[in-house]
Amino acid sequence: MNACVRAVVRTALYHGVEVYGIMRGYSGLIKGEIVRLDTTAVANMVQRGGTLLKSARSQKFTTREGRQEAYNQLVHHGIEGLVVIGGNGTFTGAQLFEQEFGIPTVGAPGTIDNDLYGTDYTIGYDTAVNTALEAIDKIRDTADSHDRAFFVEVMGRDSGYIAIPCAIGGGAEIVLVPEQEQSLESVIDMLQAGRKRQKSSFLVVVAEGDEEGNATTVAAKVKEAIPELDVRVTVIGHIQRGGAPSAADRLLASQIGIAAVEGLINGMHSVMAGIIDRKLVYTPFEDCIKRKKPLNQSFMRMIEILST
Ligand SMILES: Nc1ncnc2c1ncn2[C@@H]1O[C@H](COP(=O)(O)OP(=O)(O)O)[C@@H](O)[C@H]1O
Ligand SMILES: O=P(O)(O)OC[C@H]1O[C@](O)(COP(=O)(O)O)[C@@H](O)[C@@H]1O
């Protein structure tokens with residue numbers, strides 16, 4: 001996020017536009033937590049995880065009264081356009097706000113989950129995948145030396161975008177993701193088939209939002225069905241949401257930050273800046289919110305082939 005904030009600030013200043021940072025998203029906007037940002041405010045930020053602007057949810061912004069207060073703050077500070085970084089909720093709020101008060105807004109896709117229509121990758125995703133994969137590599141050492149079956153839970157509230165590259169890159173036998181139904185019976189069958197082939201260790205990557213349950217639940221059910229299996233569970237957790245951004249994330253965040261500001265300057269509004277097939281695209285908030293980014297089915301097939 002910091003790399004994106006830095007790019008937004010520097011691009012605005014480059015074009016001679018005054019820029020303010022709003023602390024804690026819509027919550028800070030309503031409360032007037034608004035600070036003027038100059039170039040030094042974002043110095044030494046490109047490599048830092050998290051966000052200097054902080055992050056918060058705001059129930060009040062979902063009400064007309066809250067959005068009126070937010071608008072009053074913008075008028076008070078002379079702010080004429082907004083760049084919002086976030087996901088579906090952020091863009092839903094921004095779209096409504098723009099319809100009601102006419103403040104042009106451009107979005108930047110910021111979520112580790114990568115489940116946003118209108119961009120191949122979201123800011124934070126690549127870093128989260130690399131963090132999870134590094135942990136999985138370490139877990140594999142124990143799985144292998146102790147002949148165990150590890151159920152590793154990665155983040156992804158409603159999506160398997162983190163789980164899939166972790167499964168492919170981590171050499172997993174099975175991946176469980178919310179977008180695709182996979183019965184517990186089939187998981188058990190696959191593990192049994194592996195045991196018949198003298199496989200002694202297994203790695204199952206589970207996206208936290210999987211329909212069959214989280215890694216703990218799935219592992220318990222598998223243990224019940226195959227008591228001989230030495231089962232362990234690891235929930236990778238919030239380390240996936242922090243840390244220094246990867247090179248790919250720094251580049252993406254910088255591209256998007258520049259595109260968001262230049263889009264605003266060129267009269268764009270109610271759109272999200274994204275990168276599709278290496279090209280900059282602006283997608284209406286409406287589509288980002290309503291449409292689903294499909295899961296790449298060839299990745300699922302790859303896992304099946306590679307775990308043979
Ligand atoms: N339907 C809505 N109307 C107005 N504001 C909304 C709406 N949905 C979400 N928001 C605002 O956007 C913020 C961010 O949404 P949230 O769902 O938490 O995150 P994300 O942007 O990652 O999806 C919320 O705290 C709320 O203030
Ligand atoms: O601690 P919290 O706020 O519940 O966050 C955890 C959730 O955030 C996510 O990582 C998504 O977060 P972002 O969209 O903010 O990147 C989900 O995968 C996970 O369920």
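Two strands pair if DSSP finds at least two bridges between them. I also noted that helices (H or I, at least four residues) and strands (E, at least two) are DSSP runs, numbered from the N terminus.

**Entry 1: The model.** I recorded that this is a predicted model, in which local features need pLDDT of at least 70 and side-chain atom pairs count only at pLDDT 80 or more, while totals for chains, interfaces and linings use all residues. Residues are numbered from 1 along each chain as its sequence is written, chains are lettered from A and ligands numbered from 1 in the order in which they are written, and side-chain values use heavy atoms, with hydrogens and water left out.

**Entry 2: Overview.** I found 11 helices and 10 strands in the protein. Its C-alpha trace spans about 70 × 35 × 30 Å along the principal axes. Of the 308 residues, 47% are buried. Buried means under 20% relative accessible area, exposed over 50%, and partly exposed in between (1.4 Å probe, protein chains only).

**Entry 3: Strand β4.** I turned to strand β4, residues 105-109, and saw that 5 of its 5 residues are buried. Thr-105, Gly-107 and Pro-109 point one way from β4, whereas Val-106 and Ala-108 point the other way. Strand β3 (residues 82-86) runs parallel to β4 and is joined to it by 5 bridges. Within this pairing, Val-84 has Gly-107 as its bridge partner. Strand β9 (residues 271-276) also pairs with β4 in the parallel sense, over 2 bridges. Here Gly-107 is partnered by Met-272.

I then followed the chain from β3 through helix α4 (residues 88-101) to β4, and these make a right-handed β-α-β unit. A crossover is right-handed if, with the strands pointing away from the viewer, the path from the first strand over the helix to the second runs clockwise.

**Entry 4: Ligand 1.** I looked up the 14 residues around ligand 1, of which Arg-57, Ser-58, Gly-87, Gly-89 and Thr-90 come nearest. A residue is near a molecule if one of its heavy atoms lies within 4 Å of it. Helix α4 gives the largest share of this shell, 6 residues. Next I checked polar contacts to the ligand (pairs of N or O atoms within 3.5 Å). A polar side-chain atom of Thr-90 lies 2.4 Å from an oxygen atom of ligand 1. For the side chain of Arg-57, an N or O atom is 2.8 Å from an oxygen atom of the ligand. Asn-88 places a backbone N or O atom 3.4 Å from a ligand oxygen atom. Taken alone, ligand 1 exposes 550 Å², and the protein buries 70% of that.

**Entry 5: Ligand 2.** I listed the residues around ligand 2, among them Thr-111, Met-155, Arg-157 and Glu-208. A backbone N or O atom of Ile-112 lies 2.8 Å from an oxygen atom of ligand 2. Asp-113 has a polar side-chain atom 2.7 Å from a ligand oxygen atom, and His-238 has one at 2.7 Å as well. Ligand 2 exposes 480 Å² when taken alone, of which the protein buries 72%.

**Entry 6: Two residues.** I noted that Arg-36 lies in strand β2, residues 34-36. Arg-36 counts as exposed because its relative accessibility is 54%. Val-205 lies in strand β7, residues 202-207. Val-205 counts as buried because its relative accessibility is 0%.

Methods:
A polar contact is a pair of N or O atoms within 3.5 Å; within protein, one must be able to donate a hydrogen and the other to accept it, and residues adjacent in sequence count only if both atoms are side-chain atoms. Accessible areas come from the Shrake-Rupley method with a 1.4 Å probe; for residues, only the protein chains shown count as cover.
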